[in-house]
Amino acid sequence: MAIGWEKDMLDLVGDERLLLDAESRTRLSKDYYWYSPVLEPKLRQKLADGVVLPSNEEELVKVLSLAYRRSIPVTVRGAGTGNYGQAVPLQGGLVIDLSRMDRILELGGGTARVQCGVKLGTLERRAREEGWELRIYPSTFMKATVGGFVCGGSGGIGSVTWGNLWDGNVLEAAVYTMEAEPRRLVVRGQELFDYIHNYGTTGIVTELLIPLAPRTEWMQSIVQFPELGAAVQFGEALTRDGSIAKRLVSPMEWPIPVCFTPIASRFQPEEAAVLLETADVTYGAVQKLAEDFGGGIGHVTEAAQYRKTIGLSDFTWNHTTLWALKGDPNVTYLQAGFSPGDYLKQMGLIKSAFGSEVLLHFEWIRSGGEPALSSLPLVKYRSEERLYEIIAFFEKIGVRIFDPHTWVLADGGRGEAGSMLRRKRLNDPQGLLNPGKLTASPHEEEGGTAHGHG
Ligand code: FAD
């Protein structure tokens, strides 16, 4: 790190916007990587040399320009709720916390234009006040930022209807490059794929235009089934049924709900459950469909109570892992995509091979317009070797794994790493943006010396 950059940065942003104390640097150098026992020991000691909190684009540009001239690595941070150490500064340098860039610039007519640091929960509340709502959001929406979701997330509540981030759920982004004079790019269409789920490696997103859905009143229900297979099949039928508006279809096996302490008593012991958010007028249709698969509605939270009490979505997606970890610190998880026509067989093979070592819960989503069965299985952690044996088994039987135990984007299986690498060379010629996250090879990220990426 260049000597004396702190003084130059202080002159630029003032001492309220530059944090150099050990406590702040430690806190703001971490995300939820500790969900992974593989990542935890590797990332525990990583620390930024300083944290800057710009409050507008002009300040950000000055900070980036100074960092470029001094060759200081830059890792951007939203709320730091990512799970793979995406926001951890592997090589020290600066963390740029963008949570102060939190203005909703325009809202209405089916879209919202926002600064990257707006919290998704705030945007959802504002949108619903105006007759709209978010199409998709992660289960961390009360804390997570729009920029952090777009650059570090994938999908969530709403994805059962609207798909994930790559399915038209980002319309436009303003992006800054990492150069002596950072350029402001306005990106739309296919080009957005170089920035969605980029971990801040190809550019810094400051503003986003996202589509909204008309506001719906959501009922929440728990539908119970004697068998997990029937629960998942019911979920598929519901996903395909265009007459039932829905936001959440989350099947899970017993005994996962035991760890949901605030709502555990709402579940039938020993039965599989599907956690639902469906439009409030759909009770009869959901009940009928559940009966077709041998199940029935158990608990219901009326639409009038939506967001007034703890919601069922607080127990789905990766929040399931959070609750499981509260009960047993030796639990970890995988990210998996089951095959549409083969999931019952795949589930059976996994249960026979691993029993309660692997507990299954699912999210029905749409991907490219088609129903898809995504899962974040809970795994009783024994060792890294055993974890990768389990991963190998999943892959052998055709279940796709997006490895959450790596911070390297190209290894996690999501995103467009090849195209992003080309974009990175254009936007970040010194390889300063979140170095070490796009590929494992520093030479590839710096440009010019890459092999096999064109
Ligand atoms: P951060 O963690 O701060 O950042 C994420 C990544 O994006 C980092 O690499 C960071 O450098 C980069 N970044 C942040 N802002 C910008 C920017 N403006 N420009 C460029 N790069 C930027 N994810 C899901 O997709 N769906 C879920 O349902 C979900 N559930 C979760 C549940 C739990 C309990 C936890 C702990 C995590 C979950 N996640 C989920 C992961 C994570 O919460 C989301 O991806 C979230 O949207 C990240 O937002 P953030 O503001 O915290 O981003």
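User: What makes domain 1, domain 2 and domain 3 separate parts of the protein chain?

Analyst: The chain is divided into domain 1 (6–97), domain 2 (104–214) and domain 3 (218–401); these bounds come from an automatic or database domain assignment. Residues are numbered from 1 along each chain as its sequence is written. The model is predicted, so local features need pLDDT of at least 70 and side-chain atom pairs count only at pLDDT 80 or more, while totals for chains, interfaces and linings use all residues; side-chain values use heavy atoms, with hydrogens and water left out.

User: How do you know which residues of domain 1 and domain 2 are in contact, and how many are there?

Analyst: Contact means heavy atoms within 4.5 Å. By that rule, 16 residues of domain 1 are in contact with 17 residues of domain 2. The centres of the two domains, taken over C-alpha atoms, are 21 Å apart.

User: What is meant by the area buried between domain 1 and domain 2?

Analyst: Buried area is the accessible area (1.4 Å probe) that two parts lose on being put together, summed over both. For domain 1 and domain 2 this is about 1,500 Å², and carbon and sulfur atoms give 67% of it.

User: Why is the pair Arg184 and Glu57 called a salt bridge?

Analyst: The term requires a side-chain nitrogen of Lys or Arg within 4 Å of a carboxyl oxygen of Asp or Glu. The closest N and O atoms of Arg184 and Glu57 are 2.8 Å apart, so the pair meets the definition. The rule finds one salt bridge across the interface of domain 1 and domain 2.

User: Which elements supply the side of domain 1 that touches domain 2?

Analyst: Helix 4 (57–69) and strand 3 (74–77) each supply at least two residues; helices (H or I, at least four residues) and strands (E, at least two) are DSSP runs, numbered from the N terminus. Helix 4 gives the largest share, seven residues.

User: What makes strand 15 and strand 17 edge strands?

Analyst: Three strands form an open, antiparallel sheet in the order 15-20-17. Strand 15 (331–333) and strand 17 (358–359) each pair on one side only.

Definitions and conventions
Two strands pair if DSSP finds at least two bridges between them.
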